[in-house]
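Colleague: I am new to this one and would like to be walked through it. Can you put it up?

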There are 2 protein chains.
Amino acid sequence: MIGLGPGAPELVTPQAAEALAQCQVVLGYRSYVEQARPFLRGQRVEASGMTQERQRADRAIDLALAGQRVVLVSGGDPGIYAMAGLVLELAARRKLALGQGRGALAVSVLPGVPALAAGAALLGAPLMHDFACISLSDRLTPWELIEKRLEMAARADLVLVLYNPRSRGRPWQLGRALEIIAGSRGPHTPVGIVSGAFRKTQRVELVTLERAAEAPADMSSTVFVGNSQSFAYQGRLITPRGYLPTEKN
Amino acid sequence: MIGLGPGAPELVTPQAAEALAQCQVVLGYRSYVEQARPFLRGQRVEASGMTQERQRADRAIDLALAGQRVVLVSGGDPGIYAMAGLVLELAARRKLALGQGRGALAVSVLPGVPALAAGAALLGAPLMHDFACISLSDRLTPWELIEKRLEMAARADLVLVLYNPRSRGRPWQLGRALEIIAGSRGPHTPVGIVSGAFRKTQRVELVTLERAAEAPADMSSTVFVGNSQSFAYQGRLITPRGYLPTEKN
């Protein structure tokens with residue numbers, strides 16, 4: 001299982017590129033498979049749709065058990081809301097032995113540059129202090145649990161990284177999330193929204209908490225809400241680490 | 001500002017490697033500068049010690065303002081508890097213009113593979129659901145705030161990633177942190193400890209919350225505490241994303 005990073009070829013690790021070059025079959029969601037193509041040498045490719053994660057993971061396992069060298073591609077890092085966990089979950093369900101032996105599933109997770117690091121880099125340095133990463137997708141998680149996590153993280157003054165902030169089918173979750181966060185953070189708290197990081201469609205917006213719900217965001221976006229010390233400076237979002245004695249910024 | 005990833009050359013992004021090849025001066029903490037050497041072409045190197053972050057950042061800014069192409073190296077990702085924020089903070093303090101013009105500081109953050117992604121990959125897939133990343137170093141942060149964050153994150157059932165878990169001068173913080181987490185999570189919660197990820201000294205341990213305080217950990221370690229759904233399977237730490245209907249694991 002590999003992660004291709006945010007989308008630019010220069011952010012694909014040599015380790016992931018080598019796995020693609022050496023494999024026999026590549027599986028993945030359509031747009032990630034397209035991102036992987038420049039690293040392939042004519043290998044077989046099986047692209048599938050957005051909600052076919054389980055079938056894709058089962059298929060990858062079956063091909064691997066049949067002796068194929070399989071790469072399953074994710075965007076960003078394969079272990080952060082991506083495919084690595086599902087494959088391991090299914091291996092556990094199927095009671096497969098993990099390892100190199102006969103009948104065993106030899107499985108490796110190769111890390112990538114996650115969306116949280118890519119977005120943070122484009123904004124400046126919002127993640128210089130403790131943070132929580134929360135997905136706003138309630139497709140697989142009850143919304144009540146997401147709300148509880150948002151509230152606790154906001155009260156703990158953690159920087160917030162919001163994955164999957166908005167989609168056509170989930171238009172209101174981001175607004176509600178920002179409302180919850182505003183319960184323990186000021187209206188002028190800086191908020192950064194990065195969409196299509198390191199891709200042609202890249203867009204970086206720096207706004208304030210009170211205005212953030214109106215900002216454009218979709219499934220390619222990651223939203224960063226500063227903590228009580230974060231500040232904006234010339235278009236950058238900065239969270240102090242604590243090295244410098246406090247003074248008014 | 002670049003991040004070299006966890007330590008293996010095959011996890012350095014081509015973008016970071018290119019920045020090293022094209023720069024005129026490299027600055028950084030000693031061991032990161034050593035990691036960067038294979039990517040250099042004889043450029044000047046200024047290595048410095050662990051507590052000299054501020055001097056190093058100021059020096060990097062001064063050299064850049066004097067017209068040098070400077071790379072400041074961090075381990076992992078440069079924006080997660082690393083050097084990117086300090087440079088931007090100092091630029092703000094010094095009221096420097098950011099950008100390409102005369103007298104302005106042209107500054108870019110190039111993302112890297114963070115320790116949280118590297119450690120997670122070696123453990124399996126602990127970060128498949130919402131998580132909080134908290135540093136246990138109280139050198140720059142009051143311990144009371146760290147405790148509050150640990151407690152809130154534990155109550156919110158977030159997976160926990162603990163940076164800087166233990167050092168010679170901070171021997172008790174990890175034990176206390178695990179005690180706080182145990183206030184809202186069961187004794188058999190799986191805990192993964194990854195030290196020296198993707199380096200020769202690499203060590204991966206999978207234990208339970210009640211035993212985790214005894215496990216070896218140092219400044220090269222990252223500690224992962226599962227949420228209430230996380231489970232261990234054949235030496236892997238897996239947090240379900242929610243794709244599969246629940247059944248007893």
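Modeller: One term to begin with: helices (H or I, at least four residues) and strands (E, at least two) are DSSP runs, numbered from the N terminus. This is a predicted model, so local features need pLDDT of at least 70 and side-chain atom pairs count only at pLDDT 80 or more, while totals for chains, interfaces and linings use all residues. Residues are numbered from 1 along each chain as its sequence is written, chains are lettered from A and ligands numbered from 1 in the order in which they are written, and side-chain values use heavy atoms, with hydrogens and water left out.

Colleague: Let's start with a single residue. Where is Pro240(B) found?

Modeller: Pro240(B) lies in the segment after strand 12 (236-238) of chain B.

Colleague: Buried or exposed?

Modeller: Pro240(B) is buried because its relative accessible area is 16%; buried means under 20% relative accessible area, exposed over 50%, and partly exposed in between (1.4 Å probe, protein chains only).

Colleague: What does Pro240(B) touch?

Modeller: Leaving aside residues up to four places away in sequence, Pro240(B) touches Glu89(A), His129(B), Gln229(B), Ser230(B) and Phe231(B), where contact means heavy atoms within 4.5 Å. Pro240(B) and Leu127(B) are 113 residues apart in sequence, yet their C-alpha atoms are 8.9 Å apart in space.

Colleague: On to the two chains. How many residues does each put into the contact?

Modeller: Chain A gives 77 residues and chain B gives 77 residues. Together they bury about 7000 Å², 61% of it on carbon and sulfur atoms; that buried area is the accessible area (1.4 Å probe) that two parts lose on being put together, summed over both.

Colleague: And which residues of chain B lose the most area to chain A?

Modeller: Arg93(B), Tyr243(B) and Leu244(B), which together account for 11% of what that side buries.

Colleague: How many salt bridges are there between chain B and chain A?

Modeller: The count is 4, a salt bridge being a side-chain nitrogen of Lys or Arg within 4 Å of a carboxyl oxygen of Asp or Glu. Helix 4 (residues 84-93) of chain B supplies the largest share of the side that touches chain A, 9 residues. By class, that side has 46 nonpolar, 15 polar and 16 charged residues. Here Ala, Val, Leu, Ile, Met, Phe, Trp, Tyr, Cys and Pro count as nonpolar, Asp, Glu, Lys and Arg as charged, and the others, Gly among them, as polar.

Colleague: Which residues does Arg149(B) form a salt bridge with?

Modeller: One partner is Asp157(A), with the closest N and O atoms 3.8 Å apart. Another is Asp130(A), where that distance is 2.9 Å. This second pair crosses between chains, from helix 6 (residues 143-155) of chain B to the loop between strand 5 (124-125) and strand 6 of chain A. Arg149(B) and Asp130(A) are both buried.

Colleague: What about strand 6 of each chain, parallel or antiparallel?

Modeller: Strand 6 (residues 131-135) of chain A and strand 6 (residues 131-135) of chain B run antiparallel, joined by 3 bridges. Two strands pair if DSSP finds at least two bridges between them. Phe131(A) has Cys133(B) as its bridge partner.

Colleague: How many residues of strand 2 of chain B are buried?

Modeller: In strand 2 (residues 25-29) of chain B, 4 of the 5 residues are buried. Strand 2 runs parallel to strand 3 (residues 44-48) of chain B, with 5 bridges, and Gly28(B) stands opposite Ala47(B).

Colleague: Last one, helix 5 of chain A. Why is it called largely enclosed?

Modeller: Because 7 of the 9 residues of helix 5 (residues 115-123) of chain A are buried. Among them are Leu116(A), Gly119(A) and Leu123(A). Helix 5 is followed by Gly124(A), whose phi is positive, near 130°.
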